[in-house]
Structures are given as structure tokens and as C-alpha cells.
There are 2 protein chains.
Amino acid sequence: MEQGRRPGIRDVARAAGVSRTTVSHALNDKGRVAPETRERILAIAEELGYRPNTNALHLTQQRTGLLALTSSPSDPVPLGLLDVDYFLALAPAASEAALRAGYALVLGPTGQAPELWAQLRLDGALITDPLPSDPFLRELERQGTPVVTLGRDVDRAQETWWVDSDLVAAMTEVLDHVEVAGARRVGFVAEPPRHSYSIDELLAYERWQEARGAAPLVEEAAGNHTEAGFHAAQRLLDAADRPDAIVTTLEGLALGVKLAAETRGLRVPEDLMIAAVSDGPGLAQAHTSITAADLAPAELGTAAVRLLLERLDGAAPTPRAVVIPSVLRVRASTRRPR
Amino acid sequence: MEQGRRPGIRDVARAAGVSRTTVSHALNDKGRVAPETRERILAIAEELGYRPNTNALHLTQQRTGLLALTSSPSDPVPLGLLDVDYFLALAPAASEAALRAGYALVLGPTGQAPELWAQLRLDGALITDPLPSDPFLRELERQGTPVVTLGRDVDRAQETWWVDSDLVAAMTEVLDHVEVAGARRVGFVAEPPRHSYSIDELLAYERWQEARGAAPLVEEAAGNHTEAGFHAAQRLLDAADRPDAIVTTLEGLALGVKLAAETRGLRVPEDLMIAAVSDGPGLAQAHTSITAADLAPAELGTAAVRLLLERLDGAAPTPRAVVIPSVLRVRASTRRPR
DNA sequence: AGCGTATGCCAAACCGATTCGTCAGTTCGG
DNA sequence: CCGAACTGACGAATCGGTTTGGCATACGCT
């Protein structure tokens with residue numbers, strides 16, 4: 001079957017009895033080609049399994065066909081803050097969207113070797129969780145590499161292209177849900193507010209408490225490891241006036257909170273309700289499944305690639321923001337029997 | 001400063017007063033060029049900041065310059081079994097090694113869209129944790145894409161190119177260490193033996209116990225979530241004849257074991273020693289730091305890329321295996337005060 | 001009929017590198 | 001002193017596409 005070499009445009013031209021030029025025009029809807037000729041060429045190309053050589057394509061188009069996906073090397077905790085499952089949903093979706101558009105999504109190297117970035121002439125970059133006024137973003141843009149961020153550079157939200165969840169809305173929805181479910185006193189296991197998402201969530205929580213005349217009840221968990229959530233939750237639960245519900249951000253933290261409740265002999269949800277903002281498979285599968293806002297990471301990844309491609313096309317010449325809605329997944333951890 | 005266009009080989013040729021051919025020969029040490037001419041050309045190229053255009057390069061060399069890094073889509077639990085921090089150390093190192101050799105490491109899309117793989121004409125692929133007789137590997141090789149696996153396809157270890165840790169040795173070293181440290185009865189929180197690493201580790205544990213005339217004491221934890229490790233450890237600790245040491249595999253599982261010990265009111269290491277085979281930052285930073293075998297994931301990633309490049313060069317025409325040594329990191333969890 | 005214009009297709013140039021074959025000049029051996 | 005062999009450099013072809021400019025032919029209009 002295999003003809004050794006894969007068919008090129010000249011093979012299609014030969015089979016159709018026309019010139020390479022005409023084949024190119026037909027395939028790209030560019031020049032003037034008679035409709036029936038076009039049809040014939042398309043049919044033959046399809047039959048031969050013709051796929052344009054990407055190198056040759058990129059050579060003429062002065063592109064590389066490469067998009068990078070990476071966290072900011074300016075971040076001292078590279079990629080570490082990301083929820084695993086969140087990233088593992090986002091990255092393949094982004095990769096798939098890029099491939100469909102003829103681009104390849106490359107994994108960014110670590111920040112230690114910035115000169116390698118230059119060697120790879122990227123057409124564009126996707127940066128997750130930028131820091132405020134992130135210098136890396138500025139440098140990329142200065143070099144002419146268009147950037148789209150996942151999460152905002154909070155200092156420059158008006159001047160940059162970004163995709164994000166509405167985390168204030170998501171957090172508020174979680175809090176409202178917990179309140180309706182019967183919670184009286186809601187604690188928050190928070191991350192250090194370094195990225196836009198943690199800033200938004202903390203803000204939403206503080207506002208929500210303030211609206212109820214309640215003081216914020218926050219314990220900070222450094223890192224996303226379950227252990228950090230475990231200990232932060234323990235501190236909340238050991239306090240004199242312990243909460244009857246704890247909300248938190250990442251999947252790992254929520255699992256830590258749940259283990260802390262078990263350790264203290266608290267029943268979930270009877271004695272303590274638990275809810276998270278970022279859903280993940282671990283929450284649905286947990287022994288007692290945990291309510292969470294599903295941020296739709298796959299959609300975020302796809303949307304980010306799409307926005308980046310629009311920048312490359314020139315279809316989005318000025319800063320633009322895309323907000324992906326989240327969906328509350330109500331599970332056992334907040335379903336209190338009456 | 002920026003001249004608009006970056007310098008091409010003709011710019012170098014013009015500046016040096018020679019032909020493009022000579023420049024090419026000088027830069028690649030190919031044809032016959034007088035030493036002083038070569039020096040002059042190299043100097044000028046350096047000064048101009050010349051970097052060959054990768055598209056043009058790949059076009060002539062009939063390559064794409066793309067290597068994929070992905071887990072096997074045949075695996076029903078894609079990438080999920082990987083330890084996060086393990087992957088986050090491995091991937092950037094692999095990416096860096098690829099970039100240094102002029103290749104880009106692309107993120108594989110999910111298994112749902114296999115036709116996209118074909119569109120991307122890979123020069124080679126890195127597959128983590130293949131399943132036994134993995135059909136995806138076979139398919140890739142059939143299509144002419146050289147593959148190197150991280151971890152072995154246990155059924156075809158003789159016929160494939162792979163990079164792996166010596167997990168039998170690592171596990172045995174951990175067990176020996178725990179015994180010397182004073183453990184009398186060692187339990188094992190294991191993963192389902194689906195991949196080569198979990199198979200090796202289980203085998204090593206069983207052998208070690210057998211050599212001591214002891215029955216294996218194994219609890220299986222599904223998935224790498226801390227929660228699974230927590231519950232598996234609880235089962236071990238609730239048994240009539242509870243172990244005074246627990247070894248396990250991944251970082252997440254070890255943290256779960258530790259939380260289980262805390263919950264049961266057991267002191268680490270006095271009442272229970274804990275050790276893992278795959279080290280990670282969470283173990284070093286844990287409240288009570290945990291002993292573990294550091295598998296050097298960055299070295300694994302680098303070695304895998306190197307082996308793949310050797311296959312591409314033709315320098316490794318027949319199946320070859322590379323074993324990366326591990327290092328035991330002794331920490332508080334096994335340092336029992338006398 | 002004559003002229004201008006639109007249509008359908010193609011030849012050639014181009015993108016930026018490598019590589020093959022050639023050529024002029026030098027060195028060496030007989 | 002002459003031819004062979006070697007040296008250093010170059011022109012042109014090549015990779016696989018796109019794009020520009022041009023050339024026939026057909027058509028419409030006066």
C-alpha cells in the first residue's frame with residue numbers, strides 16, 4: 001500500500017492533469033479556478049490522502065507553527081500551584097485545538113534556560129497563571145511573540161489578552177449554595193493570593209462574609225498539597241468557634257480538608273460541609289464525594305488557543321478577554337439530610 | 001537595533017564576501033573550506049546573530065523537528081497515575097534536552113483524536129508508562145515513528161528502546177534501610193501492578209519478605225491520590241498485627257500514609273516508619289520529612305530524549321535500554337532516636 | 001468586426017537552507 | 001616541463017509548497 005513517499009502537490013497535479021499552481025489555488029480557494037476543476041482536484045487530493053507538508057507551508061508563510069504552553073518562569077513555584085488534574089484537562093484540550101488549526105503545542109522549558117526560548121521561534125505563547133506585572137510576558141511581547149494568558153495579569157488586565165473563569169461568581173455561587181444547604185459559619189482554606197484566581201476567590205469570600213456582617217475566617221495553605229489543606233483545616237476546626245462548613249480552592253486542598261474532618265471525627269456533611277471551587281476527578285471519586293465548581297478546564301484551554309489564533313490572524317488586534325462560565329456540581333459533602 | 005528581518009545565510013555570505021555554499025560548509029563543517037575562511041565566517045555569523053531558519057533546515061532534511069511526549073492513550077487512566085511532581089521534573093528537562101538538539105517537544109493530545117497524531121508528522125515519540133504489549137507503541141512504530149518509552153513495555157523489553165529506573169534495586173534499598181533503622185514488620189501500600197514500575201516494586205517487596213520468611217503485607221491503593229494512600233494505610237494499621245514501617249511508591253501515597261499515622265495517633269518514626277520509592281518536593285517539605293528514593297526524573301527525561309535522538313541518528317539501530325540510578329534520601333521519617 | 005474585459009490555467013520566482021557537480025588554481029611526481 | 005591530483009570556492013538544483021505575472025481563450029458590447 002505504502003508508496004514509500006507520501007503524495008505531494010505535484011502528485012495531485014499529475015493525477016488531475018493540471019499544474020501545481022492550479023492545485024494550490026483549488027485547495028486554498030485562492031486564485032481563479034473553474035468550479036468543476038476545483039471539485040475534481042479536491043476529490044483526487046482526498047483520494048490520494050494528500051496532506052500539505054507543514055515545513056514547506058511554514059517556510060513560505062514565515063511561521064513556525066509552534067505555540068508554547070507554559071507557566072511563567074518568573075514564578076518561583078513553577079507549575080506547582082496548578083492543580084494537577086486541572087492542568088491535565090487543560091493541556092490536552094489546548095493541544096488538540098492547536099493541532100486542528102495546524103499548530104503544535106510545545107511544552108515550555110524551565111525558566112533556567114531562557115536562551116532556548118529564543119532558538120525556538122514561537123508563533124505565540126499561552127501562559128498560565130501570570131504574576132502581577134509579569135516581566136516574562138512583557139519580554140515575550142517585546143520580542144514580538146503574541147501572548148494569551150490563562151488567568152489575568154491583574155495589573156494589566158486591560159492591556160492584555162486573557163482567558164479566565166469568573167472566579168468571583170464561582171466562589172459566590174459555592175458560598176450561596178452552602179448557606180442554603182444550612183451552613184451557619186463558613187471558613188475558608190485559602191491559598192496565598194499571588195495569582196488572579198486566588199485573589200478573586202479571597203475577595204469574593206471576604207465580600208460575602210462582610211455582606212452578612214461576619215468576620216472572615218481564613219486559614220492559609222501553602223502549596224496545593226493535600227497535607228497543607230489538612231493542616232489548615234485542622235487549625236480552623238481547633239478554633240474556639242469552629243465553622244460548620246469549609247470552602248477551599250483546589251482539589252488537593254479539599255481532600256485534605258476532608259481527611260482533617262475524618263481525623264477529628266466529624267461527619268461530612270452532618271457536622272461539617274465541604275466545598276471547593278476547582279473541581280477534579282478526585283472530588284467526584286472521593287469516599288464522600290465533594291461539592292465543587294467545575295471550571296471547565298478543557299474549555300479554558302480550547303478558548304485560550306482560539307483567542308491566540310485570533311491574535312495571530314489579526315482578528316483580535318486589541319486586548320480581549322474571554323470568560324468561561326463554571327458549573328456547580330453538588331455532591332454528598334453539602335447534602336445534609338433533614 | 002532590530003533590522004526588521006533576522007539575518008539569513010545570504011546576509012552572512014554577503015558580509016563575508018563568499019558564497020552561501022561556503023557559509024553553509026563553514027557552519028556545518030561539511031565541505032572543504034580553508035581554516036581561516038571558516039574562522040572569519042564563524043565570527044561574522046556570530047556577530048550578526050545568525051540562527052539558521054528551522055523550517056528551511058527541516059525542509060531539506062525531511063524532518064519536522066517535533067518529538068512528542070505523552071502517556072499511552074491505550075491507558076484508561078491517562079497521565080493520571082503519574083506522580084505530579086515527577087512529571088513536572090521530567091517534562092521540562094526533556095523539553096530542554098530536545099531544544100538543545102534543535103527539536104521541539106510537543107504535548108501529545110488525548111487519545112480521543114488519533115487522526116490528529118498523523119497530521120503532526122513526528123520525528124519521534126516519548127511514551128511514559130506503557131502498558132504491556134501496548135498497541136499504541138506498535139502502531140506508532142508501524143507508521144515509522146521511532147519510540148522510546150519511560151518505563152518498560154514488560155512484554156517487549158527486549159525489542160524496544162527504553163529508559164527506566166532500577167526499581168527493584170531502589171525498592172530493595174529502601175527496605176534494607178528501613179530494616180537497618182530498626183523496623184521489624186514492613187507493610188507495603190502498593191499500586192495496582194499495571195505498569196512496569198509498580199510490577200517491579202511489588203516483586204522486589206515480595207522477594208524481600210520471602211527472603212526473611214515473612215508473609216507479604218500489602219494493601220492496594222487505587223490511584224495516586226493522597227486519599228487512597230490514607231485509606232490503604234488505615235487498613236494496614238487496623239490489622240491485628242500492624243506493621244511498624246510502611247513503604248509505598250508515589251509521593252501522594254506517602255503523604256496519605258503519614259496523615260493516616262497522625263490520625264491514629266502514631267508517632268513517626270517512633271511508632272511507625274514511612275518511606276517511599278518516588279521522591280518529590282512534598283516529601284522533603286512535609287511536616288515530618290519522609291525518606292524516599294529519588295529516581296532523578298529530570299535525568300530520566302534527559303536520557304530518554306538522548307536515546308531517542310540516537311535512534312534518529314542511526315546511532316542506536318537495535319533495541320537499547322538505559323537505566324538511571326536512584327539515590328536514597330534519608331529523612332526524619334526513618335530516623336528513629338535510640 | 002473590433003476592442004476591452006473577464007476567465008481559466010500555467011510558468012517561473014520565491015521562502016532559506018543543504019548538497020551535488022564543476023571549475024580554476026596550486027602542488028607534486030615523473 | 002607537463003599532466004595528475006588535490007584544494008578551495010562557487011553555481012545551480014533541491015526540498016514542497018505559495019504567489020506573482022502573463023498568456024491564451026471566450027465573452028460582451030458598440
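Predicted model: local features only at pLDDT ≥ 70, side-chain atom pairs only at ≥ 80, totals over all residues.
In what order do the strands of the open sheet in chain A stand?

Residues are numbered from 1 along each chain as its sequence is written, while chains are lettered from A and ligands numbered from 1 in the order in which they are written.

**View 1. The open sheet of chain A.** Six strands run in the order 7-6-8-9-10-12, with mixed pairing. Strands are DSSP runs of E, at least two residues; helices are runs of H or I, at least four; both are numbered from the N terminus. Two strands pair if DSSP finds at least two bridges between them. Strand 7 (218-220) and strand 12 (327-329) of chain A are the edges; each has a single partner strand, so one side of each lacks a neighbour in the sheet. From one strand to the next, the twist averages 20 degrees.

**View 2. The strand 10 and strand 12 pair of chain A.** Strand 10 (residues 291-294) of chain A pairs with strand 12 of chain A over three bridges, in the antiparallel sense. Opposite Asp294(A) stands Val327(A), in strand 12 of chain A.

**View 3. Helices across the sheet of chain A.** Helix 10 (residues 226-238) of chain A lies across strand 6 (186-190), strand 7 and strand 8 (245-248) of chain A, at about 150 degrees to strand 6 of chain A. Angles run from 0 to 180 degrees between N-to-C directions; axes are lines fitted to C-alpha atoms, for helices over the stretch in contact. Helix 11 (residues 251-263) of chain A lies across strands 6, 8, 9 (273-276) and 10 of chain A, at about 170 degrees to strand 9 of chain A.

**View 4. Surroundings of Ala94(A).** Leaving aside neighbours within four places in sequence, Ala94(A) is in contact (C-beta atoms, placed from the backbone, within 7 Å) with residues including Leu69(A), Leu105(A), Leu126(A) and Ala304(A).

**View 5. The surface near DNA strand C.** Among the 26 residues around DNA strand C, Val18(A), Gly8(B), Ser24(B), Asn53(B) and Ala56(B) come nearest. Near means a C-beta atom, placed from the backbone, within 6 Å. Helix 2 of chain B gives the most to this surface, six residues.

**View 6. Chain B against chain A.** Here 39 residues of chain B are in contact with 39 residues of chain A. Helix 5 of chain B gives the most to the chain B side, with eight residues.

Technical notes:
Contact = placed C-beta atoms within 7 Å.
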